[in-house]
Amino acid sequence: MSIVYKCRHCGHIIGELNEKALETSMSVLDGLSVEDKRQMIHYQYNGDVHVHVICEHCEQLLGQHPYYHELDYFIQ
């Protein structure tokens with residue numbers, strides 16, 4: 001089982017934590033609101049947890065084009 005951090009816009013895998021780092025990372029995720037957890041955390045059949053966040057590239061694009069915030073997906 002691992003935690004995979006993936007960009008919610010472009011799908012790029014930002015990082016992956018193995019079993020040794022899971023306890024600390026899971027405690028951080030527990031601090032999220034129920035709505036944030038519903039939007040960000042996705043459980044996989046193999047036991048992995050995918051956390052949808054924003055990568056640096058997409059964050060820069062959002063900064064340059066603020067109206068992209070209105071869109072669910074801005075990268076085609």
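My notes below follow the strands and how they pair.

I kept in mind that this is a predicted model, where local features need pLDDT of at least 70, side-chain atom pairs count only at pLDDT 80 or more, and totals for chains, interfaces and linings use all residues. Residues are numbered from 1 along each chain as its sequence is written, and side-chain values use heavy atoms, leaving out hydrogens and water.

I looked up the sheet first. I found an open sheet of 4 strands, ordered β2-β1-β4-β3, with mixed pairing. Strands here are DSSP runs of E with at least two residues, numbered from the N terminus, and two of them pair if DSSP finds at least two bridges between them. I noted β2 and β3 (41-43) as the edge strands, each pairing on one side only. Neighbouring strands are turned by 20° against each other on average, direction ignored; the axes are lines fitted to C-alpha atoms, with angles running from 0 to 180 degrees between N-to-C directions.

Next I checked β1 (residues 3-7). With β2 (residues 13-17), β1 pairs in the antiparallel sense over 4 bridges, and K6 stands opposite I13. The two form a hairpin with 5 residues between them, and G11 in the turn has a positive phi of about 85°.

Which sense does the pairing of β1 and β4 take, parallel or antiparallel? I found it parallel, over 5 bridges, with β4 spanning residues 49-53. There, V4 has H50 as its bridge partner.
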